[in-house]
Amino acid sequence: MANIMYWEAIQRAHDEEMARDPLVICMGEDIGVAGGTYKATKGLYEKYGPLRVMDTPISEGGFTGLAIGASFLGVRPIVEIMSVNFAWLAMDQMFNSAAKVRYMSGGQLTAPCVFRSAGGAAHQLGAQHSARMEKVFMGIAGLRVVTPSNPKQAYGLLKSAIRSDDPVFINEHELMYNMKGEVPDGEYFHPLEGSDIARAGTDVTLFGYNISVHWCLKAAEILDKQYGISAEVVDLYSLSPLDREGIRKSVSKTHRVVIAEEDEAPVGVGSEVIAIINEECFFELDAAPVRVHSALVPQPYNHTLEKAAIPDHEDVVKAVLKLFGRG
Amino acid sequence: MKIEDKKRVLREMVLHRRFEERCYQAYIERKIGGFLHLYPGQEACCNGVMEAARPGHDYVITGYRDHVHAIKCGADPKEVMAELYGKETGSSKGRGGSMHIFDAAHRFMGGYALVGGPFPLAAGIAKAIQLKGGDEIAICFLGDAANNQGVFHETMNMAALWKLPVLFVCENNLYGIGTSIERSTAVVHQHKRVAAYNIPADECDGQDIDIVYEHARKAVEHVRAGNGPFFLELMTYRYRGHSMSDARGYRSREEEETWKQRDPILMLRDRLITAGAMTMADYEALEKETDAYIENDVIKFSEESPEPRVEDLEKYVFADRETQLPWLTGKAA
Ligand SMILES: Cc1ncc(C[n+]2csc(CCOP(=O)(O)OP(=O)(O)O)c2C)c(N)n1
Ligand SMILES: [Mg+2]
């Protein structure tokens, strides 16, 4: 096991796959000579050259479409969208071309593309650079959506995404690139579907994904130490499809649910998880599930307002205590 | 430009330079957060164009490198700085931050963070001017790399097709973050790109304010006279990194020095001194006065201003509910 950073894990996955297959290429703004805004492609330009590591113009719609077109002929592009806020400009191609081409061609064409992007709110980046957009991607038929919460997932999910024959959107997080964690030394493929149990528990299930997994873990620690509540943390790293079976299993064990998401509530992961619970195991519930989520506002620049808009582990603790009537 | 105007513009440009340098310091002191894109090196672009136009009357829109454009349009430097401090007294009430300075009263229509986003907004502002029949024009200041967005071409086509009163100013500083223009763009000279839409265009030195002014005057006249859009490219250079975490590894220190030899402020200063309009001592006094103003007024105001209240988190998301009830409830008379 190597203890490496999230960005290093992503870089390693790129490197291994590019070394293996000459048709794996990557592209994006400032990813080549500059090595990537978050260093996720560091050193690749020097190693694989400009034909395979492409610094693109600021043309998100254009280069995303170009990558998808190349993938029709078997190229495996990894497209970096510098920040998920810019993905709006690429969505037409991702949704209308990549996600649908297999279906509308009756299986003749496929778009085995990987789109990676830094999501989440960092610090005071303001309304146009702080979006959480996983909800936008997770309702698109034909597009897989995964979101790594640690270096192992970041590495293993990217490896699997590159090999997969479907288009995959990988939602990373601006604040997590320097997070360290254990990654297997040998090649490792994280399943694209399913969920991980980040911490086992018996009294309540905390569902999280990406950064909110860390709020849940921290909350579980506090709940255990200070309140004697045993929380299970389920990491929903696959947002599309969501792991119905994993959700059902954990809820059937704990009978209480909190869903923590950095995104705003409407039409989000929380609403979707609750819908799945209703469909799969409604009678297992001892209490109504609670969502912890951001305020429905464009992200404010001011530090205090920003903090007020985004939840953290304390909000998860509060939600659990409320569930147990101890709030 | 008349000599008195030149002296005034020099004063403004010194303020613009020192203001930005003070922002840098405030960022290091963690008074300012988020992204911070500074303007030193490019002052002659905004100043030269706006001297030829009518600040506060003509509508201006730009990207994230927006402090100086706002101030030039008439925004109070105190309010711009307070915005960077995230204060309630800031130009966007602390909600926007560095990339989103707005001052509608001075017709500064904002800074936007998505590269290329302002192109069609500028055309839309021009459309509104056309409909309303005013003599204003819309001026869109953007960088060179923004022209690689598809919306650039879409906007040029519409602006030409509908003869919209909009002046596109391309501040070509040769880089988009760390990628040099030769590595991102098939044509380095951006004004050539609008020929396909029959939009008249011009290119000039963006460091010499007299030159910028002369070229901008013709451009502004063309647009104001109702001849439709114009595209003006100014060759310039940003001294600092793209934003705050940029070690500038993609360009050489020699290249930077070459550009600094033609500093827009120093060139204007020397010209005024040679013309006998001011002395070096005057200039030094001007710098001191400017710094004192920034410290005693701008920074003090920003430091002392209140933060927004957390209770107001959702203010400005929608129009005040009371004002909308007839439509929200379907009970319009
Ligand atoms: C749609 C979009 N893509 C990417 C970015 C990231 N980004 C911010 S500024 C910039 C470079 C823009 O360069 P240019 O237009 O030349 O303006 P300059 O910063 O040089 O003034 C990039 C790529 C963004 N903000 N928006
Ligand atoms: Mg530029």
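Visitor: A salt bridge, as I understand it, is a side-chain nitrogen of Lys or Arg within 4 Å of a carboxyl oxygen of Asp or Glu. Which side chains meet in one here?

Guide: Those of A:Asp55 and B:Arg183 do, at 2.7 Å from N to O, and the count between chain A and chain B is one salt bridge. This is a predicted model, in which local features need pLDDT of at least 70 and side-chain atom pairs count only at pLDDT 80 or more, while totals for chains, interfaces and linings use all residues. Residues are numbered from 1 along each chain as written, chains are lettered from A and ligands numbered from 1 in the order written, and side-chain values use heavy atoms, leaving out hydrogens and water.

Visitor: Switching topic, where is the cis peptide bond?

Guide: A cis bond joins A:Ser240 and A:Pro241, with omega at about 0°, and A:Pro241 sits in the loop that runs from strand S12 (238-240) to helix H9 (244-254) of chain A. Most peptide bonds are trans, and most residues other than glycine have a negative phi.

Visitor: Which residue in chain A has a positive phi although it is not a glycine?

Guide: A:Lys39 does, at about 65°, and its place is in the loop between strand S2 (24-28) and helix H2 (44-48). A:Lys39 is partly exposed, at 36% relative accessible area, given that buried is under 20%, exposed is over 50% and partly exposed lies in between (1.4 Å probe, protein chains only).

Visitor: What about B:Ile177?

Guide: B:Ile177 has a positive phi near 50°, lies in the loop between strands S5 (175-176) and S6 (179-180) of chain B, and is partly exposed at 29%.

Visitor: Last one: is A:Arg52 buried or exposed?

Guide: A:Arg52, in the loop between H2 and strand S3 (53-55) of chain A, is buried yet has no salt bridge, the nearest side chain of opposite charge, A:Asp21, being 6.1 Å away. Lys and Arg count as positive, Asp and Glu as negative, and His and the chain ends are not counted.

Visitor: So what does A:Arg52 touch?

Guide: Leaving aside residues up to four places away in sequence, A:Arg52 touches A:Met18, A:Asp21, A:Pro22, A:Val24, A:Ile25 and A:Cys26.

Definitions and conventions
Helices (H or I, at least four residues) and strands (E, at least two) are DSSP runs, numbered from the N terminus. Contact means heavy atoms within 4.5 Å.
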